[in-house]
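User: I'm new to reading protein models. Can we go through this one together?

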Amino acid sequence: GGNGPMSTPYGICFQTLPDYWRFIENVTSSSTWSKNLLQGGGCESWDEMLKPDGDGGDQWRATRSRDDGPVRVYVQLSPRAAEGRYSMQVVAYPANPSDPPAVIQETPFRFESPAIDVFAGEVVKVSGKVWVNTPPMASSDGFMIYDTLLGSAGALRWREDASVGQWIPFQFFRPVPQSGQMRIVLEMTGMGDVQVDDLQVVKQGGRPGIFNAPPSTLLPLSQE
């Protein structure tokens, strides 16, 4: 998490590290960020998170694994909060505790945010806090947070070795190569117990230079 090389697309390979450091210097030296654009990011009520927004009727969308599968999921608002009164807690556990699956084949839970309009040349910062009660098991990806601009290739991951029992802040930056929409995705791919809170998406206006680089220079991997 945090400002590690995987928190921007420029840190994915050695050849782009100079671009990475230039990018970080530019975005961290600016204080001209927008207000939080993520509806319900404070995780204070389901009404706020699940109500359609005023523009396109969009809202957070949840996808769970099937009820008769090897993993059960429950999601609740927990009174343990990093900010405000509540956080969102995702718990995935084996349907048969005496015979838990060694590897999870079907993602137990995926939560996708409403779409946020972004424009070429902008820089988007995504931040929040994560509390791990039980580190995710039976999956190499664990619990993931990512955006749809870069896909899961740029995900932050909390796996079996994750620190437990404390709020861990995270943030990542995304340059916008072309105008469109982006979403934030929270995905529990294993069995574990994780809480998230204070989710924010803010952006700043376009600048010349590397922020306007064409998509082919940002990440040599296919988009999801």
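User: In what order do the five strands of the open sheet come?

Analyst: Quick note before we start: this is a predicted model, so local features need pLDDT of at least 70 and side-chain atom pairs 80 or more, while totals for chains, interfaces and linings use all residues. Residues are numbered from 1 along each chain as its sequence is written, and side-chain values use heavy atoms, leaving out hydrogens and water. Strands are DSSP runs of E, at least two residues, numbered from the N terminus, and two strands pair if DSSP finds at least two bridges between them. Here the pairing is antiparallel, and the order is β2-β3-β12-β6-β9.

User: Which strands sit at the edges?

Analyst: Look for strands that pair on one side only. Those are β2 (71-78) and β9 (167-175).

User: How many bridges join β6 to β12?

Analyst: Strand β6 covers residues 123-137 and β12 covers residues 191-204, running antiparallel. One example is Val130, whose bridge partner in β12 is Val196. The number of bridges joining the two strands is 11.

User: Are the rings of Phe143 and Trp158 stacked, edge-to-face or tilted?

Analyst: Rings of Phe, Tyr and Trp (its six-membered ring) pair if their centres lie within 6.5 Å; planes under 30 degrees apart are stacked, over 60 edge-to-face, the rest tilted. The centres of Phe143 and Trp158 are 6.2 Å apart and the planes are at 50 degrees, so the pair is tilted.

Notes. Helix = DSSP H or I, 4+ residues; strand = E, 2+ residues; numbered from the N terminus.
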